[in-house]
Amino acid sequence: MFDLLNKIREQLTFELPGRDAQLRMGSEIRMKELMFQPENEFTKKSSVLILLFPKNNDLFSVLIQRPEYDGTHGGQMALPGGKYEPEDIDISATALRETHEEIGVHASKIELLGNLTKLFIPPSNFLVMPFVGYTDQQPEYTLAINEVAEIIEYPIKMLADDSIIKTKEINLRNNFKITAPYFDIMEKTVWGATAMILCEFKEILKRIN
């Protein structure tokens, strides 16, 4: 397990898989958005965290499910994270602060291993920086109930299994439907920006194997 952790840390110092890896889990509409809706002066900075931890002699990670609400990301599976605030020293501090606020894991218990490639999300006009971090024990969660409805833990080796990549019709707001690829993780549908970020991390893991 620690050998894998060190290899992940090492791989994050090399050239990243980048947008090509992200777009493998992008829907047709997302790819068009990224091509024709570039970042703009109103784009907001944010960051998320792929949090790794030991469990059952293996490396696990965590996803959160957002509560159902009438908004762009209501009910979706996501990574802990959120919007940059002026009090954050840098964008990595945002990921650590939001992880603490949303699931209760304090920044002092997390070692940042590196970052993945930034991802622009046109519907919310956010530019997201994904980080990878490690905490040396299985977290004891304290959930922000207005932001997190459920916690899902999964072994990261699951990402190497291509059979969890599927495609289906997904309902968006206003009864708009798209066909999109998704990760079937612990019977949860992980799609959109979160899937795109995890797909780049999947490529990092494939380099190791």
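This is a predicted model: local features need pLDDT of at least 70, side-chain atom pairs count only at pLDDT 80 or more; totals for chains, interfaces and linings use all residues.
1. The largest nonpolar core holds 38 residues. Ile-8, Leu-52, Phe-183, Ile-185 and Phe-201 touch the most other members.

2. The elements giving two or more residues to it are α1 (2–11), β1 (44–55), β2 (58–65), β6 (119–121), β7 (126–134), β8 (150–155), β10 (177–185) and α5 (192–208). Helix α5 supplies the largest share, 10 residues.

3. Phe-201 deserves a look on screen. Setting aside neighbours within four places in sequence, Phe-201 is in contact with Ile-8, Ile-50, Leu-52, Leu-116, Val-132, Ile-156 and Leu-159.

4. Next, helix α5. Of its 17 residues, 15 are buried, so α5 is largely enclosed by the rest of the structure. Its length also checks out: at 1.5 Å a residue, α5 should span 24 Å, and its end C-alpha atoms are 25 Å apart, which agrees.

5. Helix α4 (residues 91–103) has 13 residues. From first C-alpha to last, α4 reaches 18 Å, close to the 18 Å expected at 1.5 Å a residue. Since 10 of its 13 residues are buried, α4 is largely enclosed by the rest of the structure.

6. Which residues of α4 are buried? They are Ser-92, Ala-93, Thr-94, Ala-95, Leu-96, Arg-97, Glu-98, Thr-99, Glu-102 and Ile-103. The buried residues of α4 pack against β1, β2, β4 (81–83), β5 (111–115), β7 and β8.

7. Check the backbone just after α4. There, Gly-104 takes a positive phi of about 85°.

Methods: Residues are numbered from 1 along each chain as its sequence is written. Side-chain values use heavy atoms; hydrogens and water are left out. A nonpolar core is a set of buried Ala, Val, Leu, Ile, Met, Phe, Trp, Tyr and Cys residues joined through side-chain atoms within 4.5 Å. Buried means under 20% relative accessible area, exposed over 50%, partly exposed in between (1.4 Å probe, protein chains only). Helices (H or I, at least four residues) and strands (E, at least two) are DSSP runs, numbered from the N terminus. Contact means heavy atoms within 4.5 Å. The expected span of a helix is 1.5 Å times one less than its number of residues.
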